[in-house]
Amino acid sequence: MSNPVNRDPETLVDSVIEQYREYVNPGLASLMSFGGFDDVEETAEGCLLRTVKGAEYLDFLGGYGVFSLGHRHPKVVEAVKRQLDRMPLSSRTFFSEPMANLAAKLAQITPGDLQYSFFCNSGAEAVEGALKMARIVTGRSRIISTLGGYHGKTMGSLSATGREKYREPFEPLVPGVTFVPYNDAEAVAQVLGDDVAAVIVEPVQGEGGINCPSDDYLPALRKLCNSHGALLILDEVQTGLARTGAMFACQHWGVSPDIMTLAKALGGGVMPIGAVVGTPDIWQKTFGTNPLIHTSTFGGNPLACAAGLAAVEAIEEEGLVEKARLRGEQLLSGLKQVQSRYPETLVEVRGMGLMIGVEFAVKEAAELTINGMSQRGVIAAYTLNNPNVIRLEPPLVVTEAQIDRAVTVFQEAVEMSVSLLASLLG
Ligand SMILES: Cc1ncc(COP(=O)(O)O)c(C=O)c1O
């Protein structure tokens with residue numbers, strides 16, 4: 001089939017959707033159409049996304065945490081363009097300056113003794129690296145993870161992902177993973193034997209439904225890991241880099257892990273990149289005898305690292321930690337006002353910074369609301385492991401007026417879904 005350029009918008013959209021049906025994933029095509037996303041993305045800038053049909057959307061999904069700097073942040077685009085004209089991919093023989101610079105920057109901004117970085121290409125890959133390191137460092141194999149936790153869908157990361165629906169079809173997975181309820185340190189204590197290599201947890205559960213922990217949860221996990229010689233892996237793939245109103249979510253509770261995983265926002269919304277960040281001790285025990293024990297051909301490529309460094313600098317220069325906190329408070333309180341008008345439909349509004357979830361009583365109401373929001377020009381989505389929760393993760397550069405607009409649209413969409421469901425059931 002020819003490339004659908006220079007066709008009128010309707011024909012182009014039909015053609016792309018048809019190609020999805022024929023060559024990508026027919027079920028996904030139906031799901032996207034059902035969600036009201038029957039269009040093709042074309043350009044994007046900041047919080048705005050435009051489609052070939054000429055519609056303009058406020059992006060309140062933010063690429064599931066990727067677009068913390070918005071789309072096409074000029075500083076990141078410029079850094080990538082500059083690197084593109086010099087050397088996009090590494091020879092993997094000589095030293096690479098962009099990788100060295102990004103690793104040094106991460107050592108500077110990450111908490112505690114975190115110092116070394118291994119770069120890869122995605123969140124799941126970062127989790128794979130972290131799990132392998134936990135094994136080689138401790139000589140143990142058991143992992144404790146949380147129900148509802150999301151760590152990716154590759155074999156290893158999926159083994160630690162706390163949702164049966166995604167794991168079960170691929171079993172047997174990596175053995176030795178025990179799942180406990182999130183935000184329950186006592187449950188961890190009960191299964192934490194001296195054969196446990198690591199406890200892996202998201203500081204704020206993202207795909208599990210934007211679940212925030214109580215203040216003593218992460219400090220308690222840190223203590224438990226210390227006393228049993230297990231590593232604490234904090235998966236900050238979604239929470240990292242200012243999203244929750246701290247540079248790293250674990251800093252809200254003054255806890256630093258042995259290993260931290262990063263991805264999503266690290267690429268500045270321009271390049272894919274993941275990172276495993278660890279202490280000197282972890283690195284010595286992992287790479288000390290064989291520096292090539294864990295590698296990735298494209299991991300840490302110059303384009304991605306140039307994007308990463310520019311992204312971190314932009315976050316610092318533009319005070320996005322503080323902005324996430326301020327705009328987050330505005331969004332949270334706006335949504336809570338809507339909740340107070342529909343207490344039977346909206347069970348809870350919760351979150352930290354600009355990582356906010358709205359839990360619906362039934363998933364049908366959430367689905368209809370997402371659809372209603374997209375019809376009104378605001379993109380949102382549900383959380384992967386909890387379809388009752390709509391997540392709102394706009395770029396941290398979002399304006400006050402854009403938040404007001406999204407809250408108004410959310411209210412209209414909830415109102416529409418409530419009356420639609422009432423008419424269907426009544
Ligand atoms: C906390 C967390 N870890 C890992 C992943 C997996 O990242 P990726 O989709 O880049 O493989 C995600 C993705 O949503 C995530 O939220």
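In which loop is P172 found? In this predicted model, P172 belongs to the loop between α8 (164-167) and β6, and the legends below begin with that site.

**View 1. The peptide bond between E171 and P172 is cis.** The bond that joins E171 and P172 has an omega of about 5°, and P172 itself is found in the loop that runs between α8 and β6. Most peptide bonds are trans, and most residues other than glycine have a negative phi.

View 2. Although Y64 is not a glycine, its phi is positive, at about 60°, and the residue is found within helix α3.

View 3. Domain 1 is made up of residues 35-65 together with 319-425, whereas domain 2 covers residues 74-317. The centres of domain 1 and domain 2, taken over C-alpha atoms, are separated by 27 Å, and the contact takes 23 residues from domain 1 and 22 residues from domain 2. On the side of domain 1 that touches domain 2, the elements giving two or more residues are α3 (62-65), α13 (320-341), β11 (346-352), β12 (355-360) and β15 (386-392). Among these elements α13 gives the most, with 5 residues, and the residues on this side of domain 1 divide into 10 nonpolar, 9 polar and 4 charged.

**View 4. A shell of 15 residues surrounds the ligand.** The closest residues of this shell are S122, G123, A124, G152 and V237. Helix α6 (residues 123-138) supplies the largest share of the shell around the ligand, with 3 residues. When the shell is divided by class, 6 of its residues are nonpolar, 6 are polar and 3 are charged.

**View 5. Helix α5 and helix α12 cross in a left-handed sense.** The axes of α5 (residues 97-109) and α12 (residues 302-317) come within 8 Å of one another and cross at roughly 35°. From α5, the residues P98, M99, N101, L102, K105 and I109 take part in the contact, and they meet P302, C305, A306, G308, L309 and V312 in α12. By class, this contact of α5 with α12 has 9 nonpolar residues, 2 polar residues and 1 charged residue.

**View 6. Seven strands form an open sheet with mixed pairing.** Strands of a sheet pair through backbone hydrogen bonds, either parallel or antiparallel. The order of the strands in this sheet is β4-β10-β9-β8-β7-β5-β6. Because β4 (116-120) and β6 (177-180) stand at the edges and have a single partner strand each, one side of each is left without a neighbour in the sheet. From one strand to the next, the twist of this sheet averages 20°.

**View 7. Strands β5 and β7 pair in the parallel sense, and helix α6 packs on the sheet.** The pairing of β5 (residues 142-146) with β7 (residues 196-201) extends over 3 bridges, and within it I143 stands opposite A198 in β7. Helix α6, which also gives residues to the shell around the ligand, touches β4, β5, β7, β8 (231-235), β9 (259-262) and β10 (274-278), and its direction makes about 25° with that of β10.

**View 8. Four strands form an open sheet with antiparallel pairing.** The strands of this sheet follow the order β11-β12-β15-β14, and the edge strands, β11 and β14 (381-383), each pair on one side only. The twist here averages 35° from one strand to the next. Within the sheet, β12 and β15 pair in the antiparallel sense over 4 bridges, and G357 stands opposite R391 in β15. Helix α13 lies across β11, β12 and β15, and runs at about 175° to β11.

Conventions. Residues numbered from 1 in each chain as written. Predicted model: local features only at pLDDT ≥ 70, side-chain atom pairs only at ≥ 80, totals over all residues. Domains from an automatic or database assignment. Contact = placed C-beta atoms within 7 Å. Nonpolar A, V, L, I, M, F, W, Y, C, P; charged D, E, K, R; others polar. Near = placed C-beta within 6 Å. Axes fitted to C-alpha atoms, helices over the stretch in contact; angles between N-to-C directions. Left-handed = near helix turned anticlockwise from the far one by under 90°. Pairing = 2+ DSSP bridges.
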